[in-house]
Amino acid sequence: MMLRDHAIRYGFIVLLFGLIAYFAIAADGFVSPQSAVFIFQSVAITGVLALGVTATLVVGGFDLSIGSVATSAMMAASYVMVVLEQNAVVAVIACLLIGVLVGLINGWLIVYMRVPDLLATLGMMFLLVGLQRIPTEGRSIATGMTMPDGSVANGKFGDAFLALGRHRFDFFIPNLIPVSVVVLLVLAVLIWFFLEYTRFGRMMYAVGSNERAAELAGAPVKAYKIWAYVISGVFASIGGILLAARLGRGDIASGNNLLLDAVAAALIGYAVLGAAKPNAFGTAVGAVFVGVLLQGLTMMNAPYYTQDFVKGVVLVVALVFTFALSGRGKR
Amino acid sequence: MGADAVFRVDGLRKSFGQNEVLGGISVELHAGEVTVLMGANGAGKSTLVKIISGVYERGAGTMSLAGEDFAPKTPAEAIRAGVVTVHQNINDGVVADLDVATNLTLDRLSGSGVPTLFNPVRVRREAKAVADRMGLAIDLKARVSDLSLADRQMVAIARAMAHRPKVLILDEPTSSLSSAEADRLFALIDRLREQGVAILYISHRMSDIRRLADRIVSMRDGVVSGVFDQKPLDYEGAVNAMLGRKIHLDRVVARNSAHPVLTVEGLRLTPGARPISLTLGAGEVVAVTGLVGVGKTALAETLFGVRRPLSGTMTLNGKPYAPASAGEAIAAGAFLVAKDRAENGIVGGFNIQENISLPFHRRMSRFGVLKRRIERATARRQIDELGIVCRSEKDEMSALSGGNQQKVMVARWMAQEAKLFILDEPFQGVDISARRDIAAKLRASADGRATLLFVTELDEALETADRILVMSEQTIVGEHRNADIDLERLLAEVAGGPLHSAA
């Protein structure tokens, strides 16, 4: 079945280009460097989270706590700078530590406490959603806010930190590419190289496909699984740093969609090039796909509430591509 | 005894695609008798059981129950007709989260004419009646998940007996029970035998068979290879019918080895088992044979560091050897081709090349980056060496036949030099030509390392090994040089003669 093979392999890429072509004709100004950059910028944070969750999918797990890790990191960065009056470096380090710590706890729960991955990370999600609000008693963090004890927080976001969200690099056109897009591309290349070309990445795929075989081939399976959750946690905390830098404050209401969008991107990635498995390239394409779709719909004045619906449709179609057509998901 | 058969199977055939699993099986079961069914893996036992219990449709042949035609289309139909099966996996027979009483009456919870409302009092009353009839002394209110395996097994059997069947099929019921627990099960089976139930008992454990059997039916390659009903029962004959030589295939010229590679002293696998001592020499191929469940895999896994021995020491090439993990064993030069490749060997998401390189990533990479050129060259060399039939080293594993998949597993571990090369049931689910290829390759490459095979089928041992060790009850009970073997003595050791049953 050559036709079918091609449909599985290139179906999603063709769909992506078809979509771009359609929007190019239907929506004025869709094809422009600024529009392209805007698409990338809109998916930069979810893309980073999606790349992280890809690592846990590779070892046969799942991480539902990424969204709340990102918002916790955002709140922590704000707290460190605004309340504790520290500089940008300290804030970034604090965020990364949170990512590592949550990843280790997730891994420990799953590997040693034998809690199923979905439940362990779901529990962690609830825990973090609550925890990030405790230091400020549920208030958002911004310069000049009143603390629970009546004092006023006078620290502010450092310029270096805000630059992570607002600086744009020149690329043919001055001030074109935001830092967040660069971070996304760098991390995408890094995780792609790690998963595809290093022995650690290869063994992570082996663990996800047949844990027992990997163990009998001498791999420290437990360590690989825990590392996957640490990668996921760190990537999510980087996403949180970018979010804090973009907003310039610790907004407890932001980041609600991060988890679902990131998971959707990673799962759409299964269908890209007929991989039928989690992969970094697919995840990146999946994130861009969602970005194109939303940007196009927005430019065509589709109401905001249709966006979630469209995302859901795309995800379901992608999953059908992966599991029904290729027949590899059955194993 | 010797009465007319209650249940009769005549000329039963079954094929899956090209593969004929049952080639005309005829078996009779008599009321008040325990008929033991013996057969190696792949002999067709479980297929036969599944046809009788209504899971599979038969290909050809007839079955009759008490003189009437018996052709169940579903398991429920077989049970209603009076043929009840307790499957090997105990937890398939019980619902762990419900209490004993509900489990005993579970089959009355659905079907027509059952009240919609669940009445705990009635359930408990009915359950008590079932339990009393079976002499079951288990708290009916206990949750099944809190029971021991033996108690769960009792509940599963009692539940089956609640249908008052004429025929009861027990598929390896003692495989996860201790001997004290098994004794309780045997007492129950005696009771059922007295009640006139015809029992088909499937087992590999010679001690069970000696304790229970009124008749023995041996199966081999989908046909009945022997029926034994003369008292005293000829146990060795039954084992021979199940495992013994069919035809003389290839003779092996047995080699001797002077230079010891692996020495094992006083290794104990389970509490109460006699310790194992053995020496494996460079260049020799040694086969360990014995029935399923006598500890062959446990010994293989102990030598490979996956399982810890209770006591004993090992040395490999003169150095103390006590691997704590597969990784340590591999680093020391001990490799294992694990049994059941789908479960323990093949990485389904990987192609041939990636499957072959799996244990040796570290040796094939620099700064953690895999050197794909070396990986591909290794795979191509190994495909060539073992004659793996494929289009290229990029083929998916699922595209390969069973024999070729197994060759990939062997090729994986032959990609690097081993000091101790262990293969656990390497010929399982492998066609005869692939089996010969693998055996020839093992012998041809044996120089410089010790090769240890674990096989249930005697033929496989006789075709490949220089020396044959016999295992029974978690220890080694016999040793034979593979030249003019005293086959009778060997079979007696496999069958676990009275001399050894005390261990």
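**The sheet in chain B**

Modeller: In S8(B), B:Tyr201 is the bridge partner of B:Val36. Helices (H or I, at least four residues) and strands (E, at least two) are DSSP runs, numbered from the N terminus. This is a predicted model, in which local features need pLDDT of at least 70 and side-chain atom pairs count only at pLDDT 80 or more, while totals for chains, interfaces and linings use all residues. Residues are numbered from 1 along each chain as its sequence is written, and chains are lettered from A and ligands numbered from 1 in the order in which they are written.

Strand S3 (residues 34-39) and strand S8 (residues 198-202) of chain B run parallel and are joined by 4 bridges; two strands pair if DSSP finds at least two bridges between them. They belong to an open sheet of 6 strands in chain B, with the order S6-S7-S8-S3-S9-S10 and mixed pairing. Strand S6 (83-86) and strand S10 (223-228) of chain B each have a single partner strand, so these edge strands are left without a neighbour in the sheet on one side. From one strand to the next, the twist averages 20 degrees.

Helix H1 (residues 45-52) of chain B lies across S3, S6, strand S7 (167-171), S8 and strand S9 (215-220) of chain B, at about 145 degrees to S7(B). Axes are lines fitted to C-alpha atoms, for helices over the stretch in contact, and angles run from 0 to 180 degrees between N-to-C directions. Helix H6 (residues 179-194) of chain B also packs on the sheet, where it touches S3, S7 and S8 of chain B and makes about 150 degrees with the direction of S8(B).

Chain B has 18 helices and 22 strands in total. Buried residues (20 or more other C-beta atoms within 10 Å of their own, C-beta atoms being placed from the backbone) make up 48% of its 503 residues. Of the contacts in chain B with a separation of 6 or more, 69% are between residues 24 or more positions apart; a contact means C-beta atoms, placed from the backbone, within 7 Å.

The contact between the chains takes 22 residues from chain B and 19 residues from chain A. On chain B, the elements giving two or more residues to this side are helix H10 (326-332), helix H11 (341-344) and strand S18 (369-370). H10(B) provides the largest share, 3 residues.

Definitions and conventions. Contact = placed C-beta atoms within 7 Å. Buried ≥ 20, exposed ≤ 12 C-beta atoms within 10 Å, placed from the backbone.
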